[in-house]
Amino acid sequence: MKNLLVKTLLALLLLANAAFAAGPIPAENGTGPAGPDPVKLVGRWLRPDGGYILQLSDPIPDGLLQAEYFNPRPINVARAAWKHQEGYLGVFVELRAPNYPGSTYTLVYDPDRDRLVGIYFQAALQQQFEVVFERIP
């Protein structure tokens, strides 16, 4: 069951990636949230497979989001956005720095486990990796 949920979320992420690339999209038809409150994204998130940290803050209704990324030093975040899609809360982060020429994270918030799951696209290698971020204090 756990694998089915993850595979479903990853399939949604792949579909959503093109929509995120076009820009942030607020809640459906402006009628209110279509998924978890974007405030749930605020905090520090650790990717345990490499020690990378994603810090998210200030989600605003138009779909923009502040993001910082550390490996362990700061890496430039070109843009960050959130959106509701298919009842899920998604996050898109694009990195622009040496060794990160347009690398992206396309993530979905998993409210049952309070974590972010998704795809990391490593632009320099043209490869995608499944990733998980866990909330840290």
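This note goes through the sheet, the aromatic residues, one glutamine and a few backbone features of a predicted model.

1. Strand β1 covers residues 43-47 and strand β2 covers residues 52-57. The two are joined in the antiparallel sense over five bridges. As a point of reference for this pairing, W45 stands opposite L54 of β2.

2. Aromatic pairs. Across the whole structure, a search finds six aromatic pairs.

3. Are Y69 and Y100 buried or exposed? Y69 has a relative accessible area of 1% and is buried. Y100 is buried as well, at 10%. Both assignments follow because buried means under 20% relative accessible area.

4. The aromatic cluster. Ring pairs link Y69 and Y100 into a cluster that also includes Y52, Y105, Y120 and F133. One ring of this cluster, that of Y120, has a charged group over it: the charged end of R47 sits there, 5.4 Å from the ring centre.

5. Where Q122 sits. Q122 is in strand β8, which spans residues 115-122. Its relative accessibility is 12%, so Q122 counts as buried. Between Q122 and Y105 there are 17 residues of separation in sequence and 8.9 Å in space, taken from C-alpha to C-alpha.

6. What surrounds Q122. Which residues does Q122 touch, leaving aside its neighbours within four places in sequence? The contacts are N99, S103, Q127 and F129. With N99, a polar atom of the Q122 side chain lies 3.4 Å from the backbone oxygen. The Q122 side chain also reaches the backbone nitrogen of A124, at 2.8 Å. A reader inspecting this site can therefore look for two polar contacts of the side chain, since the cut-off for a pair of N or O atoms is 3.5 Å.

7. A cis peptide bond. The bond from N71 to P72 is cis, with omega near -25 degrees. P72 is placed in the loop between β3 and β4.

8. Positive phi angles. Two aspartates come up here. D58, in the loop between β2 and β3, has phi near 55 degrees, a positive value in a residue other than glycine. D114, in the loop between β7 and β8, has a positive phi of about 50 degrees and is not a glycine either. With a relative accessible area of 29%, D114 is partly exposed, because that class lies between the limits of 20% and 50%.

Technical notes:
Residues are numbered from 1 along each chain as its sequence is written. This is a predicted model: local features need pLDDT of at least 70, side-chain atom pairs count only at pLDDT 80 or more; totals for chains, interfaces and linings use all residues. Side-chain values use heavy atoms; hydrogens and water are left out. Helices (H or I, at least four residues) and strands (E, at least two) are DSSP runs, numbered from the N terminus. Buried means under 20% relative accessible area, exposed over 50%, partly exposed in between (1.4 Å probe, protein chains only). A polar contact is a pair of N or O atoms within 3.5 Å; within protein, one must be able to donate a hydrogen and the other to accept it, and residues adjacent in sequence count only if both atoms are side-chain atoms. Contact means heavy atoms within 4.5 Å. Two strands pair if DSSP finds at least two bridges between them. Rings of Phe, Tyr and Trp (its six-membered ring) pair if their centres lie within 6.5 Å; planes under 30 degrees apart count as stacked, over 60 as edge-to-face and the rest as tilted. A charge sits over a ring if NZ of Lys or CZ of Arg is within 6 Å of the ring centre and within 35 degrees of the ring normal.
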